[in-house]
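Here is a short report on one protein chain. Look over the sequence and the model, then read on.

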Amino acid sequence: MLLNLHLPICNQILKRTKVTKLGASSQFVTPPPPPPDPPRRRRGLPPPPRDGEIPRRLALYSVEKIVEEFAMDLSMNPFSSGTRLRDMIRAIRASKTAAEERAVVRRECAAIRAAISENDQDYRHRNMAKLMFIHMLGYPTHFGQMECLKLIAAAGFPEKRIGYLGLTLLLDERQEVLMLVTNSLKQDLNHSNQFIVGLALCALGNICSAEMARDLAPEVERLLQTRDPNTKKKAALCSIRIVRKVPDLAENFMGSAASLLKEKHHGVLLSAVQLCTELCKASIEALEYLRKHCVEGLVRILRDVSNSSYAPEYDIAGITDPFLHIQVLRLMRTLGQGDADCSEYVNDILAQVATKTESNKNAGNAILYECVETIMGIEATSGLRVLAINILGRFLSNRDNNIRYVALNMLMKAMSVDTQAVQRHRSTILECVKDADVSIRKRALELVYLLVNDTNVKPLTKELVDYLEVSDEDFKEDLTAKICSIVEKFSQDKLWYLDQMFKVLSLSGNFVKDDVWHALIVLISNASELQGYSVRSLYKALQACGAQESLVRVAVWCIGEYGEMLVNNISMLDVEEPITVTESDAVDAVELALKRYSVDVTTRAMCLVALLKLSSRFPPTSERIQEIVVQNKGSTVLELQQRSIEFNSIIQRHQSIKSSLLERMPVLDEASYLVKRATSSQATVSLNKSAPAATPGGSLKLPNGVAKPPPAPLADLLDLSSDDTLATTSAPTAAPNNFLHDLLGIDLTDSSSTGGAPSASTDILMDLLSIGSPPVQNGPPTTSTVISPGQVTKHASATPQVFDLLDGLAPSTPLPDEQTAYPPITAFQSATLKITFNFKKQPGKPQETTMHASFTNLTSATLTDFMFQAAVPKFIQLRLDPASSSTLPASGKGSVTQSLSVTNNQHGQKPIAMRIRISYKVNGEDKLEQGQISNFPAGL
């Protein structure tokens, strides 16, 4: 039994039993023997020892008792460094509540911490496996990071495997501990065992930082030339990570990547194609190199894979290695984009793939989709593009919703390439609008909107209006908005426009937006020959569909304005049939709308106005109309109550002026309304586009398991130590240095810059201070100045008056200008960016400084979405003008400039301090740099 005891049990036994060395032999020191038994001895106890003999049976009995006690301890507390991983997982899964699970994890972590503190080497790998499982459950495991490094430094493969696996899970590239493993990685990359080399490559490809990439790039480049295909594959995938982290190293891998395309092993080919694709994104030089040396090899690979016989190790649904197909097609798209020669070279193989690939399997559809995307992305021939669009048309008939959705997406992109080819599939696209899947319906509707032109607007609109009647309520809003937009955009006949709008109002008037029916009323008021037709059509629609809110509003307005045309059938068109409507019927229609919409204030107000006008047009109904109007005198809504009282007074007391007061409204200026509507729409769009700019820099990509930090104010983020409050500014936000703005909270910037009507600041101040109207200014009117973002305007006419009124707040005499020339400085420089500041002072204003910042890109990759921000202490006022561009050319071949206006309110007492933050994108990846400028020249 003792031979089968586990090592920890033996250790525990040795601890609990004291061993005394007696010469060359060992003897158990046991407690005194028990007293002699009575004549009938208890069962199970050893007999008394003989004199001079080692109490062997008693010693064995003591050992057995110790083992039983230790086994009982294990059953009570199974969480120790010797516990197996499966036992811990079984205990965690057996937990019935989250509290029990946390308790199990807490006890196990405590045992692991104890083993780490005791430097337990026997169970280090087992503890690391437990930590990885605990980490995957979401619990903190940072205390085990150093154990990963110890396992990696071990000599054996099993320890290294657990160590590298723990390294990739428990650490990321931002951990400083990671720098300690660089030397071990370098040794393992040069190891003679290919499996250890593979472990190092896998770990490096997952957690490589920029510093590690620069240190270990030569070893990875050397491994690309080895004979083992698995090592080559892993080295190529690791190279992708290195190129992403340090794009400047792309030129080191160009030759090796091109040579890998000659391999036969599909795994090596797949990783090599991915490496070439990443090189093209990282460097223009690599793109040109691969265009010259790789296009022929890619065509050969694609032809061999397409024409190869059955290979069970690569076959998926009867197609040989569709993953390699797709990656090669993507690389072809990257190489052929904007290059006519390369595109011409791959046209034949693309046509072969598009015609020979089967479309009855999902793998084949994936290859066809990628082939279509490649054809649309390169300079392909018109015939090849038609072939690609026909493939998308076949996708639309597929039963799989995913395939139809991606086909609709691709057809929307193809609209900018070949509209006529997409028009051939118009009927199929219209059927997708009626699909049961809501995402397909919305995408198909957007595509139909793009398909509409002057020649097909009427049949397409008819199809959409017919479907509007049976469509789901959730889809009606989008469908109504698109139909109204199509009708307004492409209508050339006012009668057709009115017919379509009346149908939409009847079918989905509750979803029509206000600006749409406003525009309809403006058009009706301008079309005098169609006013009778409009009021009769709306009256009939109101009788049939009185539950549509927008329809009721337009109909009530038209009945109030053109009621006599409705009753007398004036301006009948040939397509109309005469209807019989009495004056009482017209009043009944408005009264019914007034009662039906008892909650909607706008509709009720329009009904009251229509009734007032009908009292003038139909005098016999005046008493009835007055009774209806009086019913709203007690309304709790002030607007309705006021209208009711005033309208009742007009009907009852002011008969002499009623007819002239209630004449038909003058024709509304349609051109002015359309301009106003377009201006408001553009303002809304610009506001929506500028909203994401409120959080510059974009969202940072965090690894799995790291919580995303909450958004913090820019002042907290930049963390200036000067003073206790920061003034932060980012272009194009203006921070006006204006006394009136700070004191009274009035925006004195010229409203003409925002599209509104200009107004004099004196009017605002006179109104605010209750002084009266300002004096009339003689002479020619002053021209309004257009203010660019970031500028501040000061009105000379307002400032002296307010300073006079407040008495004693006149500006102090400026200090004499020293006319000092300030040398330019290098404000910030990193491996990517260089920022230079030039300074300029205005005469007589020593506290104001104009800085001109120049940004230079030091890398070989173009920086996009460039944004510069600055933060200053509260005693400094800062204003940033917009940058000259948001794209920073590569290799210093151009620069971006931006002006800063700084006012130091404690000039001569405190120097200027500034923290800066620069955000940009490199190959679509967000980057963020920040620093502090402390080398401003003295005297600023």
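A crossing of two helices is called left-handed if the near helix is turned anticlockwise from the far one by less than a right angle, and right-handed if it is turned clockwise. That term is needed for both helix pairs described below.

## The chain as a whole

This is a predicted model. The chain's secondary structure consists of 39 helices and 13 strands. Of its 940 residues, 43% are buried. Contacts between residues at least 6 apart in sequence were also sorted by separation, and 68% of them join residues at least 24 apart.

## Helices α23 and α24

Two packed helices are described by the angle between their axes and the distance between the axes. Helix α23 covers residues 438-451, and helix α24 covers residues 457-468. Their axes come within 11 Å and cross at roughly 155 degrees. Angles over 145 degrees count as roughly antiparallel, so α23 and α24 are roughly antiparallel to each other. The crossing of α23 with α24 is left-handed.

Which residues of α23 and α24 meet? From α23 come R441, L445, V448 and L451; from α24 come L460, L464 and Y467. By class, this contact has six nonpolar residues, no polar ones and one charged.

## Helices α28 and α29

The second pair is α28 (residues 531-544) and α29 (residues 549-568). Their axes come within 8 Å, with a crossing angle of roughly 130 degrees. That angle makes α28 oblique to α29. Here, too, the crossing is left-handed.

On the α28 side, the contact is made by Q531, G532, V535, R536, L538, Y539, A541 and L542. On the α29 side, L551, V552, V554, A555, C558, I559, Y562, M565 and L566 take part. These residues divide into 14 nonpolar, two polar and one charged.

## S550 in helix α29

S550 also lies in helix α29. Is S550 buried or exposed? Its relative accessibility is 4%. Buried means under 20%, so S550 counts as buried.

The side chain of S550 reaches the backbone oxygen of V512 at 3.4 Å. Leaving aside neighbours within four places in sequence, S550 is in contact with L505, G509, V512 and W517.

## Two aspartates with positive phi

D321 has a phi near 45 degrees, a positive value in a residue other than glycine. D321 sits in the loop between β4 (319-320) and α16 (322-336). With a relative accessible area of 8%, D321 is buried.

D865 is not a glycine either, yet its phi is positive, at about 50 degrees. Its place is in strand β9, residues 863-873. At 44% relative accessibility, D865 counts as partly exposed.

## A883 in the β10-β11 loop

Where is A883 found? It is in the loop between β10 (876-880) and β11 (895-904). A883 is partly exposed, with a relative accessible area of 31%.

A883 and Q898 are 15 residues apart in sequence. In space, their C-alpha atoms are 4.6 Å apart. Not counting residues up to four places away in sequence, A883 touches V896, T897 and Q898.

How values were computed
Residues numbered from 1 in each chain as written. Predicted model: local features only at pLDDT ≥ 70, side-chain atom pairs only at ≥ 80, totals over all residues. Heavy atoms only, no water. Helix = DSSP H or I, 4+ residues; strand = E, 2+ residues; numbered from the N terminus. Buried < 20%, exposed > 50% of the residue type's maximum accessible area, 1.4 Å probe, protein only. Axes fitted to C-alpha atoms, helices over the stretch in contact; angles between N-to-C directions. Parallel < 35°, antiparallel > 145°, perpendicular 65-115°, else oblique. Contact = heavy atoms within 4.5 Å. Nonpolar A, V, L, I, M, F, W, Y, C, P; charged D, E, K, R; others polar. Polar contact = N/O pair within 3.5 Å; in protein donor to acceptor, adjacent residues only side chain to side chain.
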